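Colleague: I would like to learn how to read the strands, the helices and the ligand shell of a model. Could we go through them one at a time, with the general idea before the case?

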Amino acid sequence: MSAVSARRKKPSAAEAQAAISLPLGRILVGNCREVLRTLPAESVDVIFADPPYNLQLQRDLFRPNMTRVDAVDEAWDQFSSFAEYDQFSREWLVECRRVLKDRGTLWVIGTYHNIHRVGAILQDLEYWILNEVIWVKSNPMPNFRGVRFTNAHETLLWAARSRHDAHTFHHHALKALNDGQQMRSDWVLPVCSGKERIRVDGAKAHPTQKPEALLYRVLTASSRPGDVVLDPFFGTGTTGVVAKRLGRRWLGIERESGYAALAEARLASTAEGSGDVLEPADDRRRQPRLPFGRLLEEGLLQPGDRLYFDRDRARSAVVLADGLLKAGGALGSIHEVGRHFAGGNPCNGWEHWYYEVEGKGLNVINELRKLLREGEEAIGGNGELDAGHRPA
Ligand SMILES: C[S@@+](CC[C@H](N)C(=O)[O-])C[C@H]1O[C@@H](n2cnc3c(N)ncnc32)[C@H](O)[C@@H]1O
C-alpha cells in the first residue's frame, strides 16, 4: 500500500460495498442514461464527461482544396431540438451527481453549441461550479469558409456536488507541473494528432478524440492514485488511458460498440502506473515531519549501524545513538553528512543513505520512514511497529 492510500480517509462500509460492485477497469456498452442508473450511489471520485456537442451541422464542410472536413455528423450527436438535448443532459447529470462521492467532482467539456446549456443545467441541479477552464487549441482547425472567427477553444466546467461539499484539488502538484507558476484557467494545448490519434485505414477512428495531455492535467488536479474515475462518454477511452497511466481506477460507458472495441485495445496496450512517483506534491507536504532519530527510537536502526551514500560502499557513515552520522571527520545530520559526500551540494539524506538488509543488499532509509508513517496511520499515532517491519 502506498503512503498515499494509507493516508486516505478509511472508506465507510457503504463506500467499500460500492467499490466492490463497481465494474472497475471495464467499458460498459450502452446508453449512459441507463447504465449510470445501475451504478452504486457515492462510488466515484471524479467524472470526466465529453458529451455530444449537438453541433447541428446542416451540410458537409469542405476545405479550399475541396477535401471534406471530418466533422461530427454521427447519430450520437443528433438531437431534434434544444429541448431534447436539455432533457438528455439533465438525465445523465442527475445520475452523475448520484454516483459521485461527497468530495467528488465532475468535469464537462464542450463548445459554444452546448456548454452554456450544460452550465445552466448544472446549476439547476445544485452542482457548484468551481472553475471554467478554457482549453486554447494551439493548432485549431481554420474556419475554411472565412465567415467567422477561427474556433480555437473548448470550455471545461469543473463542479463539486454542491456548494457545501469539499473537493480534491492539488494546487501544489499543478504548480509544479507549470514550472512553479500557479496553474491558470487557460490551458494552451494542441489537439490530438500524430501518433496519439487513432486511425483505421489512415482515417481518424473517432472525430473528437481528446488529447491525453488535457486529461493528464484534469486528473492530476482533481484525483489521487487509487481514486475511481468514470467517463460516461468514453469514445476512444482517453480518460481511461490517462487514469490507468496515473494509477487511478477507471470505468467507461460508451454506446457505440465499435468505439468501445477501439478503447479496449488502447487500454490493453497502456501500462499501469504505480508507486510513490504518482503521489501529488500536496500529499507529500501534508505528511508530518518525521526526524531521523525516530528510526532509532523505534528500533528500525541501531546505534552503530552503517549507512552507505548512494549505495557506494566506499562512502559510508556510522549512526550514532542521538541520530547523528559520523563519517571520518564529518559529523552531522543525514542531510549535513550527505552534503559532505555530495560535494557541498544540498542533499535530502532520506533519499541518499542506504542501510544493509541482511542477505538482501542495500535499501534506502526513506523506506523505513514510510514504514513508520504507515504504522502511525494504521494504529492512530503511537507509531508502534511489529517486529516484521524491522530490517534484518
Ligand atoms: C465527444 S465523444 C467523446 C470522445 C472521447 N473523449 C475521446 O477522447 O475519445 C462522445 C462519445 O460519447 C458516445 N455517446 C454519445 N451518446 C452517448 C450516450 N447516450 N451514452 C453513452 N455514450 C454516448 C459517442 O458514441 C462518442 O463516442
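Modeller: Strands of a sheet pair through backbone hydrogen bonds, either parallel or antiparallel. In this predicted model, six strands form an open sheet whose order is β14-β13-β12-β11-β15-β16, and their pairing is antiparallel.

Colleague: Which are the edge strands of this sheet?

Modeller: They are β14, residues 330-332, and β16, residues 361-364, each of which pairs on one side only. Taken on average and with direction ignored, neighbouring strands of this sheet are turned by 40° against each other.

Colleague: How many bridges join β13 to β14?

Modeller: Three bridges join strand β13, residues 325-327, to β14, and the two run antiparallel. If you want a position to look for on the screen, L325 stands opposite G332 in β14.

Colleague: In what order do the strands of the eight-stranded sheet follow one another?

Modeller: The eight strands of this open sheet come in the order β1-β10-β9-β2-β3-β5-β4-β6, and here the pairing is mixed. The edges are taken by β1 (26-29) and β6 (186-189), and each has a single partner strand, so one side of each is left without a neighbour in the sheet. Neighbouring strands of this sheet are turned by 20° against each other on average, again with direction ignored.

Colleague: In which sense do β3 and β5 pair, parallel or antiparallel?

Modeller: Strand β3, residues 100-110, and strand β5, residues 153-160, pair in the antiparallel sense over six bridges. Within this pairing, V108 has L157 of β5 as its bridge partner. Helix α5 packs on the sheet, where it touches β3, β4 (128-137) and β5, and the direction of α5 makes about 5° with that of β5.

Colleague: Across which strands does α8 lie?

Modeller: Helix α8 lies across β2 (44-49), β9 (228-231) and β10, and it runs at about 175° to β10.

Colleague: Now to helices packed on helices: by what are two packed helices described?

Modeller: Two packed helices are described by the angle between their axes and by the distance between those axes. Helix α4, residues 82-99, and helix α5, residues 115-124, pack at an angle of about 45° with their axes 10 Å apart, and the two are therefore oblique to each other. Their crossing is right-handed. On the α4 side the contact involves F82, Y85, D86, S89, R90 and L93, which meet R117, V118, I121 and L122 in α5. Sorted by class, this contact of α4 with α5 has six nonpolar, one polar and three charged residues.

Colleague: At what angle do α7 and α8 pack?

Modeller: Helix α7, residues 212-222, and helix α8, residues 238-245, pack at an angle of about 55°, and their axes are 9 Å apart. These two helices are therefore oblique to each other as well, and α7 passes α8 in a right-handed crossing. The contact is made by E212, L215, Y216 and L219 of α7 together with T238, T239, V241, V242 and A243 of α8. The residues of this contact divide into six nonpolar, two polar and one charged.

Colleague: How do the axes of α8 and α9 cross, and at what angle?

Modeller: The axes of α8 and helix α9, residues 257-268, come within 9 Å and cross at roughly 15°, which makes α8 roughly parallel to α9. The crossing of α8 and α9 is right-handed. Here G240, V241 and K244 of α8 make the contact with A263, R266 and L267 of α9, and these residues divide into three nonpolar, one polar and two charged.

Colleague: Finally, how many residues surround the ligand, and which are the closest?

Modeller: The ligand is surrounded by 19 residues, of which the closest are W76, F233, G235, T236 and T238. Elements that each supply at least two residues of this shell include α3 (32-37) and β10 (249-254). By class, the shell around the ligand has six nonpolar, seven polar and six charged residues.

Technical notes:
Residues are numbered from 1 along each chain as its sequence is written. This is a predicted model: local features need pLDDT of at least 70, side-chain atom pairs count only at pLDDT 80 or more; totals for chains, interfaces and linings use all residues. A residue is near a molecule or strand if its C-beta atom, placed from the backbone, lies within 6 Å of it. Helices (H or I, at least four residues) and strands (E, at least two) are DSSP runs, numbered from the N terminus. Ala, Val, Leu, Ile, Met, Phe, Trp, Tyr, Cys and Pro count as nonpolar, Asp, Glu, Lys and Arg as charged, and the others, Gly among them, as polar. Axes are lines fitted to C-alpha atoms, for helices over the stretch in contact, and angles run from 0 to 180 degrees between N-to-C directions. Angles under 35 degrees count as roughly parallel, over 145 as roughly antiparallel, 65 to 115 as roughly perpendicular and the rest as oblique. A crossing is left-handed if the near helix is turned anticlockwise from the far one by less than a right angle, and right-handed if clockwise. Two residues are in contact if their C-beta atoms, placed from the backbone, lie within 7 Å. Two strands pair if DSSP finds at least two bridges between them.
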